[in-house]
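Let's take a friendly walk through this structure, beginning with a pair of helices and ending with some aromatic rings.

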Amino acid sequence: MPFGLPVSLVTIVLLIGSNVFMTYAWYGHLRNQSLGFVAAILISWGIAFFEYCLQVPANRLGYGYFSAAELKTIQEVISLTVFGVFSTVYLGESLTWNHAVGFALIVAGAFFVFKG
């Protein structure tokens, strides 16, 4: 493991980084509506490349310590968290109570995935 860190920590940190890139690739262009579709697609693909450079090692390192279902669950919880921060900070959107309830239900689902 890099720097002697636990597999779980390295996996989660890589997945967080991966999700930051992917969230920006998927939604970052929304702030610049004057950007054409083709340009938005090509820029998003370029950003997504870096997402894959983190996501693939995260899943390869984490698999075995975590099951595939656990890896996917971790990724989804991280994705929602990153998206929540991104949409409020970068896009200036408000998260409402119904968003919070929906996200909480997904986190509750994650609890049951890990409850073995």
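The model is predicted, so local features need pLDDT of at least 70 and side-chain atom pairs count only at pLDDT 80 or more, while totals for chains, interfaces and linings use all residues. Residues are numbered from 1 along each chain as its sequence is written, and side-chain values use heavy atoms, with hydrogens and water left out.

Start with helix α1 (residues 7–27) and helix α3 (residues 68–89), whose axes come within 9 Å and cross at roughly 50 degrees. That angle makes α1 oblique to α3. On the α1 side, the contact (heavy atoms within 4.5 Å) involves residues including Ile12, Leu15, Ile16 and Val20; among the α3 partners are Leu71, Ile74, Val82 and Phe86. The residues of this contact divide into 12 nonpolar, five polar and no charged.

Stay on α3 for Thr73, which lies in that helix. Is Thr73 buried or exposed? Thr73 is buried, at a relative accessible area of 12%; buried means under 20%, exposed over 50%, and partly exposed in between, using a 1.4 Å probe and protein chains only. Leaving aside residues up to four places away in sequence, Thr73 touches Ala110, Val113 and Phe114.

Now for the rings. Those of Phe, Tyr and Trp (its six-membered ring) pair if their centres lie within 6.5 Å, and planes under 30 degrees apart count as stacked, over 60 as edge-to-face and the rest as tilted. By this rule there are 10 aromatic pairs. Phe86 and Tyr90 form a stacked one, 4.8 Å centre to centre with 25 degrees between the planes. Phe86 is buried, with a relative accessible area of 12%, whereas Tyr90 is partly exposed at 25%. Elsewhere, Phe21, Phe49 and Phe50 form one aromatic cluster.

Methods:
Axes fitted to C-alpha atoms, helices over the stretch in contact; angles between N-to-C directions. Helix = DSSP H or I, 4+ residues; strand = E, 2+ residues; numbered from the N terminus. Parallel < 35°, antiparallel > 145°, perpendicular 65-115°, else oblique. Nonpolar A, V, L, I, M, F, W, Y, C, P; charged D, E, K, R; others polar.
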